[in-house]
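Biologist: Could you walk me through the pockets, the patch and the charged pairs here, slowly please?

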Amino acid sequence: MAEVLTATAVAAPPRRPRIAWRFGILALVVVVAAIGVLTWDVPGTPGSRGFWIAVELRIVSVATIALVACCQAVATVLFHTATANRILTPSIMGFDALYVVMQTALVFFFGSAALSATDGLAKVIVQSVLMVGFATLLYGWLFAGRRGNLHVMLLVGVVLGVGFGSLSTVMQRLLTPSDFDILSARLFGNLSNSDAEYLPWGALVVAAVLAVVWRRRHRLDVIALGRETALNLGVAYRREVVGILVLVAVLISVSTTMVGPMTFFGFLVATLAYQLAGSSQHRVVLPFAALLGAATLLGAYVVLRHVFYAAGMLSIIIEFVGGLFFLIFLLRKGSL
């Protein structure tokens, strides 16, 4: 009896006050880090016109960081729910590779000048539509019908990602050194690549997706229980999973088109959120992951920009830490 009571106590979700404290601490970290980004080492006297102009310019960076962190964190949690596997990341479906091949093809056929000449909201929308359209066709084709299988779909996504990567490599080897340098700068995730013009569009799309996700949070809890359990509880499993994957594609497309590929950041944030949130319910994990992602990116931005003077290295360091964390997680799982 003692063992049963102990197991029940461990499996039970944490009390609400404990969750509230964790949310409060994370929110405080986000606010402090955002204030640090906005006001640290701002030229001009505080309260002067020059001071507020500089702060307004930095608001774009803060908004971009918050939007990208939310997209990556929520998309990874949703992807883990749909695939019932917390080791996979959305990049396994070839989203990053598709973005790279589109940018490379643009330079290959029209030259590096085409990158700057086509910059603007129209290009961002076209890229996002292509990425979401690719994902929707892939999911609809492979996961529909009697033989639809999630594992086959993931395998095809891996193969397509490798194929896109190989095609990009071939085209990059044929570029001139100057074109290759300009292209390489675009292919690294860089928060400075974002433009204030993109933010309203990106925020509107992400807000709509988050509203849909929040309304379906209880169904997500059922999907996370597995295919058989979800079917027994009356959930249309295939339709729900395809819908989740399309929402993941939308979030990843917004993040990628705004700042470039970020492969391991979402995995890092989602894995930490599972451990720190103290609950597997999506009403807890999703906002916790979004807050944790914003706190991580904003805190790292403050430290790298004002302590080490290496703000341009933010995405590289985050990806390095995320990749290292991924390998450690993978090795630990393999040893269990």
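Biologist: What volume does the largest pocket have?
Modeller: The largest pocket has a volume of about 260 Å³. On a 1 Å grid over the protein atoms alone, a pocket is an open set of points with protein on both sides within 12 Å along at least five of seven lines, whereas a cavity is a set of points where a 1.4 Å probe fits but cannot get out, and lining residues have an atom within 4 Å of a point. Grid points are joined across faces, edges and corners, and a volume is the space filled by probe spheres set on the points.

Biologist: Before we go on, what kind of model is this?
Modeller: This is a predicted model, in which local features need pLDDT of at least 70 and side-chain atom pairs count only at pLDDT 80 or more, while totals for chains, interfaces and linings use all residues. Residues are numbered from 1 along each chain as its sequence is written, and side-chain values use heavy atoms, with hydrogens and water left out.

Biologist: OK, and which residues lie nearest the centre of that pocket?
Modeller: The largest pocket is lined by 13 residues, and Arg86, Asp221, Ala224, Ser280 and His282 lie nearest its centre. Helices α3 (49-83) and α14 (282-306) each supply at least two residues of this lining, and the largest share, three residues, comes from α3. Helices here are DSSP runs (H or I, at least four residues), numbered from the N terminus.

Biologist: How many of the lining residues are nonpolar, polar or charged?
Modeller: That lining has six nonpolar, five polar and two charged residues.

Biologist: Switching topic, how many cavities of 30 Å³ or more are there?
Modeller: The structure holds one cavity of 30 Å³ or more, and about 50 Å³ of space lies in the largest cavity. Among the residues that line the largest cavity are Gln72, Thr76, Asp96 and Phe267, and both α3 and α13 (265-277) supply at least two residues each.

Biologist: What about the surface, which residues make the nonpolar patch?
Modeller: Phe108, Phe109, Phe110, Val170 and Leu174 make a nonpolar surface patch of about 570 Å². Patches are made of residues with over 30% relative accessible area and no salt bridge, and nonpolar side chains (Val, Leu, Ile, Met, Phe, Trp, Tyr) are joined within 5 Å. Helix α4 (residues 95-110) gives the largest share of the patch, three residues, while Leu174 lies in the loop between α7 (150-173) and α8 (177-187).

Biologist: Is Leu174 buried or exposed?
Modeller: Leu174 counts as exposed because its relative accessibility is 60%; buried means under 20% relative accessible area, exposed over 50%, and partly exposed in between, with a 1.4 Å probe and protein chains only.

Biologist: And how many salt bridges does the structure hold?
Modeller: The structure holds three salt bridges, each being a side-chain nitrogen of Lys or Arg within 4 Å of a carboxyl oxygen of Asp or Glu. In one of them Arg216 pairs with Glu240, with the closest N and O atoms 2.5 Å apart. This pair links distant parts of the chain, 24 residues apart, since Arg216 is in the loop between α9 (198-215) and α10 (217-223) and Glu240 is in helix α12 (residues 237-259).

Biologist: What else does Glu240 pair with?
Modeller: Arg219 also forms a salt bridge with Glu240, the closest N and O atoms being 2.7 Å apart. This pair too links distant parts of the chain, from helix α10 to helix α12, 21 residues apart. Glu240 counts as buried because its relative accessibility is 5%, whereas Arg219, at 42%, counts as partly exposed. Salt bridges that share partners join Arg216, Arg219 and Glu240 into one network.

Key: Nonpolar A, V, L, I, M, F, W, Y, C, P; charged D, E, K, R; others polar. Patch = residues over 30% accessible without salt bridge, like charges linked within 9 Å, V, L, I, M, F, W, Y side chains within 5 Å. Areas by Shrake-Rupley, 256 points an atom, 1.4 Å probe, with all protein chains shown as cover.
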